[in-house]
Amino acid sequence: MRNFFPCRLGNATLVSQDKSTVEWNERKIQMAILAMAVPILPGMTEKWDEEIMGRIRSDKAAVDAVRDAAGVHERTFLQRTPHGDFVILTLEGDDPAASWGKMMELIPDDWKGLMGELHGIDPNAPPPPLPELVYDSKA
């Protein structure tokens, strides 16, 4: 399905957008995407909503600025399952894996502490193994 938008980039006009491909006057720009599931530790979903989502709701511009500085568009999903809750992140940009590292450098120290407490992730450690793309319906 194609959606049409009245947008311009320099002298190019956006003619369509299909998932992660943007077409500018017959020139396609592919954006890389990275998706990852991050577990929320047992019993911590309410605190995750209060602390993480509460901060995003109160100052989205500051959170967005970190993603912009890292060169990435982030989408965050909360997936509740009988086996525990997960945050599903999608990072879209030129190099989402590098952007993840840049985001870890740029986030405030109190967020880094919350990542450990809520997810068991040490943002100062090397990144976890990247997910493996196993299916692409357009490839």
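Trainee: Why does P126 count as exposed?

Mentor: Exposed means over 50% relative accessible area, buried under 20%, and partly exposed in between (1.4 Å probe, protein chains only). P126 has 70% relative accessibility, so P126 counts as exposed. This is a predicted model, in which local features need pLDDT of at least 70, side-chain atom pairs count only at pLDDT 80 or more, and totals for chains, interfaces and linings use all residues. Residues are numbered from 1 along each chain as its sequence is written, and side-chain values use heavy atoms, with hydrogens and water left out.

Trainee: Where does P126 lie?

Mentor: P126 is in the segment after α4; helices (H or I, at least four residues) and strands (E, at least two) are DSSP runs, numbered from the N terminus.

Trainee: Which residues of helix α3 are buried?

Mentor: In α3, residues 96-106, they are P96, S99, W100, M103 and M104. Seen down the axis of α3, these buried residues fall within an arc of 145 degrees, so they line one face of the helix. The arc is that of the directions from the helix axis to the C-beta atoms.

Trainee: What do the buried residues of α3 pack against?

Mentor: Their partners are β5 (32-39), α2 (60-70), β6 (72-81), β7 (84-93) and α4 (109-119), where contact means heavy atoms within 4.5 Å.

Trainee: What makes up the lining of the largest cavity, nonpolar, polar or charged residues?

Mentor: The lining divides into 15 nonpolar, two polar and two charged residues. Ala, Val, Leu, Ile, Met, Phe, Trp, Tyr, Cys and Pro count as nonpolar, Asp, Glu, Lys and Arg as charged, and the others, Gly among them, as polar. A cavity is a set of points on a 1 Å grid over the protein atoms alone where a 1.4 Å probe fits but cannot get out, and lining residues have an atom within 4 Å of a point.
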